[in-house]
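This report describes the two chains in the model shown below, from their overall dimensions to individual residues.

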Amino acid sequence: MTPVPSSLLMRQRIDLDALAAAIQERFPAGVSLSRETAGVSLSIALGERSILPSVCKFLFWDSACSFGGIVVEERATNWRISYLFLATGSGWIEVVLQMPTAESVIPTVSSEVHAADWHEREAEDLFGLQFEGHPRLGDFILHDQIWSEGLAPHRKPHRKLMDAHEFRLRRRANSEWRPVLVVRDPGAFAMPVGPVYEGGVGESLHFLLETVGEDVVRAVPRLFYNFRGLEKIAEGRAASDVLLLAERFAATSAFAHSLAFSRAVETLCGVEVPARSKHLRVLLAELERLRHHTGAITGICESTALAVAASQAAIVEEQLLRASCRLTGHRYLFGLNTPGGLRRDFTRDELRDLLASADSAVHELQVLEKRLRLTSSFLDRLEDVGVIEPEKARDLNLLGPVGRASGRCHDLRRESSYGGYDEFAFEVPRETEGDGYARLRVLFGEAYQSAKLIRQAVERLQPGPVLAACEPRLSGAAVGWAEAPIGATLHWVRLDEAGTVERYRVITPSFNNWLGFHVAVEDFAFQDFPIILATFGLSATECDR
Amino acid sequence: MSFWFWNGLRKGVQTTRYPRAPEPAPGVSPGRPVTTDFRSSEDASQAAAVCPTGAIVARGKSAFVDVRLCIHCQRCHFGSPHALAWQSDYEWTTVAGEGPTYRPLPNAYRGSLHVIVVDAGDCGACLHEVKQLNNPFYNMHRLGIFLTPTPRAADVLLVVGPVSENMRVPLLKTYEAMPDPKRVLAVGACAITGGVFGRTFMSAGGVSSVLPVDLEIPGDPPPPLAILHGLLVVTDRKSPIGRESLGGT
């Protein structure tokens with residue numbers, strides 16, 4: 001195996017002043033910089049569209065920032081399109097492009113920053129923006145066999161409820177639609193999998209496995225079967241109602257998403273949450289991560305048909321679900337976060353009970369990991385399966401455990417130190433092989449670290465209030481973020497004077513990582529497919545929104 | 001690798017005794033708010049006002065709860081000065097629709113009920129709880145209930161999620177491919193009423209607007225035992241809960 005370049009492994013703090021000076025020098029005309037606005041550390045406003053790809057390229061490749069996502073907003077008379085980047089240790093950078101709503105053509109950045117590919121396809125489908133130079137726009141969120149092109153449902157004139165009927169009338173199902181097949185060898189055929197499949201319980205996903213017999217040459221996921229128009233539904237609702245949506249669009253990471261949303265609103269209101277609720281949020285977020293990773297480990301054991309291991313991991317998972325329910329009253333931690341802190345406090349005994357459950361879960365997981373390491377038939381199925389090289393992971397900006405198994409150290413808890421994580425001691429496990437086994441080891445490692453964080457949070461907990469008053473006073477937009485179990489999530493919220501949501505943009509780690517899935521499923525045997533899928537541990541519904 | 005076998009045995013039996021006896025372990029169910037009597041009608045209307053979905057209706061001095069609409073936000077429970085009574089049970093399955101007709105599957109299905117699950121825009125919670133039915137705690141195989149990947153072999157269609165527009169056709173195709181007799185269960189608040197997503201350009205607002213639904217399992221998400229109760233109701237091994245006890249009028 002070739003050694004990994006040190007530039008991929010080392011994450012050094014990026015100095016924003018130096019970066020700003022470099023941008024000024026490199027692009028003397030057409031950029032104006034501003035600092036510290038609404039959760040964003042540096043805002044770069046572009047005067048002209050043509051330099052957009054080179055600015056994004058400079059940030060992503062030359063300055064080693066990681067890509068966050070694209071936020072498209074339709075204001076009264078103009079588009080506001082911002083490209084978010086994360087500068088390690090210094091917070092978020094946004095590149096803002098404004099243009100009149102009458103225009104719709106912008107240069108693509110995905111030729112320079114591949115991670116932006118799906119974001120642009122999404123904006124094309126939902127807002128009707130044209131990305132000049134993008135190789136494959138079209139059939140994405142609105143499936144072409146159901147919806148005709150050019151509907152742009154997320155644009156302002158479409159009022160969501162009134163348009164429900166109108167939209168069905170306007171769509172012309174394209175029954176002629178056929179997927180694009182790439183493999184043209186003699187005897188090649190495509191095997192469709194999904195959206196209703198997989199031993200009974202699976203999320204709605206569709207894959208087209210292009211094969212010439214034994215081996216699958218190429219597998220293309222087709223997602224967005226679960227698309228419910230979350231961002232559009234949120235428009236015009238009060239922040240407290242949008243919080244319910246933030247919790248309920250991807251329940252396996254419900255706490256992380258409601259945390260990111262709450263943090264965005266808190267930034268807008270200028271509210272600092274009380275210290276006790278900061279610590280409790282760390283505790284609950286880590287409880288969710290521990291439970292999620294246990295579930296992912298169960299899935300991996302199931303995919304290799306190792307029934308006893310799968311059952312034992314499932315027992316741990318159910319115990320953690322019950323512990324969550326005993327502590328908070330909900331098995332998936334709904335109804336806890338609120339802008340300003342937490343809705344309720346916990347007693348010392350309740351937290352002791354949780355700590356005991358987390359400790360016993362870690363003990364069980366350690367025993368399980370030891371046994372799995374001794375099971376050669378299990379390891380054979382995982383090793384060298386679904387490999388993603390570190391360069392590819394950086395190129396596609398893979399997040400969370402998947403990225404960290406391929407040598408990346410992208411973890412918002414470290415890189416942006418939000419919500420009091422800098423007070424705690426923890427490690428971010430990382431592997432460089434990038435195969436299924438590396439991903440499994442990262443999952444185990446992170447689960448242990450989460451339990452460690454839960455213990456520290458309980459020990460350092462100080463008495464005090466858990467909720468600060470948080471009334472939206474100013475209109476404006478802010479970004480909130482959190483490290484969800486699957487990776488970094490970003491919630492962009494714009495509130496108007498009345499405190500209702502004007503635009504809600506959710507960028508999820510699953511959306512980001514599904515883009516990289518096709519890299520792991522090139523030239524593999526049929527029977528490895530469920531295993532690669534399980535080691536990725538992605539959620540379709542979190543991607544679809 | 002014979003150690004797996006011995007380790008599996010050493011863990012002992014973890015399985016719940018439900019449906020023979022109630023499951024006493026705390027945390028198996030989040031419970032649900034129930035109809036509560038207050039001292040004054042103002043208290044009752046204030047208690048109802050905190051509900052974001054309108055599941056609580058104040059009539060006189062009582063606050064009635066329609067569990068079909070409840071999304072378990074717990075706002076009527078924690079932090080509310082007029083907290084509703086909370087009942088931690090899990091047998092929640094009701095008969096869908098207004099009519100009193102309910103037809104359980106014949107006795108022949110008691111030992112071999114095959115279930116297909118369709119994710120029609122679910123948030124992952126209900127689906128995850130269905131998945132838990134296969135873990136050693138619940139182990140629905142012991143009751144003769146099996147998950148099947150093919151609709152041709154399925155007797156029961158378990159639908160989770162509000163039916164997203166992109167899943168409408170796959171859901172209908174699954175339903176049509178199932179042999180008669182068949183039953184449809186809507187699992188979770190989203191599948192019953194559309195939940196927080198409601199009826200929009202991308203969400204049908206519940207399974208009943210697409211398919212005839214036989215039984216409804218409320219909850220957001222319903223815990224595994226609630227779903228198990230629903231599956232037992234299908235073959236008449238348990239009775240559904242009457243609407244009256246759910247606070248309707």
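## Overall dimensions

Chain B has 249 residues, for which a compact globule would have a radius of gyration near 18 Å; the value for chain B is 19 Å, which agrees. The radius is taken over C-alpha atoms, and the globule rule is 2.2 Å times the number of residues to the power 0.38. The model is predicted: local features need pLDDT of at least 70, side-chain atom pairs count only at pLDDT 80 or more, and totals for chains, interfaces and linings use all residues. Residues are numbered from 1 along each chain as its sequence is written, chains are lettered from A and ligands numbered from 1 in the order in which they are written, and side-chain values use heavy atoms, with hydrogens and water left out.

For chain A, with 545 residues, the rule gives a radius near 24 Å, and the value of 23 Å agrees. The table sets out further values for each chain.

| Property | Value |
|---|---|
| Span of the C-alpha trace of chain A along its principal axes | about 70 × 60 × 50 Å |
| Span of the C-alpha trace of chain B along its principal axes | about 65 × 45 × 35 Å |
| Accessible surface of chain A | about 18,900 Å², 51% from carbon and sulfur atoms |
| Accessible surface of chain B | about 9,600 Å², 53% from carbon and sulfur atoms |

Accessible areas come from the Shrake-Rupley method with a 1.4 Å probe; for residues, only the protein chains shown count as cover.

## Secondary structure, burial and charge

Helices (H or I, at least four residues) and strands (E, at least two) are DSSP runs, numbered from the N terminus. Chain A comes to 19 helices and 16 strands, and chain B has six helices and eleven strands. Buried means under 20% relative accessible area, exposed over 50%, and partly exposed in between (1.4 Å probe, protein chains only). By this rule 65% of the 545 residues of chain A are buried, as are 59% of the 249 residues of chain B.

A contact requires heavy atoms within 4.5 Å. Among contacts with a separation of 6 or more, residues 24 or more positions apart account for 68% in chain A and 77% in chain B.

Lys and Arg count as positive and Asp and Glu as negative, while His and the chain ends are not counted. Each charge is placed at NZ of Lys, CZ of Arg, CG of Asp or CD of Glu. In chain A the mean positions of 60 positive and 73 negative charges are 4 Å apart; in chain B the centres of 23 positive and 20 negative side chains lie 6 Å apart.

## Aromatic pairs

Rings of Phe, Tyr and Trp (its six-membered ring) pair if their centres lie within 6.5 Å; planes under 30 degrees apart count as stacked, over 60 as edge-to-face and the rest as tilted. The count over all chains comes to 22 aromatic pairs. One of them joins Phe517(A) and Phe529(A) edge-to-face, at 6.4 Å centre to centre with 75° between the planes. Phe517(A) belongs to helix 17 (residues 509-520) and Phe529(A) to helix 18 (residues 529-536) of chain A, twelve residues apart. Phe517(A) is buried because its relative accessibility is 0%, and Phe529(A) is buried at 6%.

Ser277(A) lies in helix 9 (residues 275-303) of chain A and is buried, with a relative accessible area of 0%. Beyond its neighbours within four places in sequence, Ser277(A) contacts Gly341(A), Leu342(A), Pro465(A) and Val466(A).

Pro339(A) occupies the loop between strand 11 (337-338) and strand 12 (341-342) of chain A. Its relative accessibility of 14% makes Pro339(A) buried. Not counting residues up to four places away, the residues touched by Pro339(A) include Leu243(A), Ser262(A), Leu467(A) and Cys470(A).

## Backbone exceptions

Most residues other than glycine have a negative phi, and most peptide bonds are trans. Asp384(A) has a positive phi near 60° and is exposed at 67% relative accessibility. Val163(B), with phi near 70°, is buried at 0%. The Asp180(B) to Pro181(B) peptide bond is cis, with omega near -5°; a cis bond also joins Asp220(B) and Pro221(B), where omega is about -5°.
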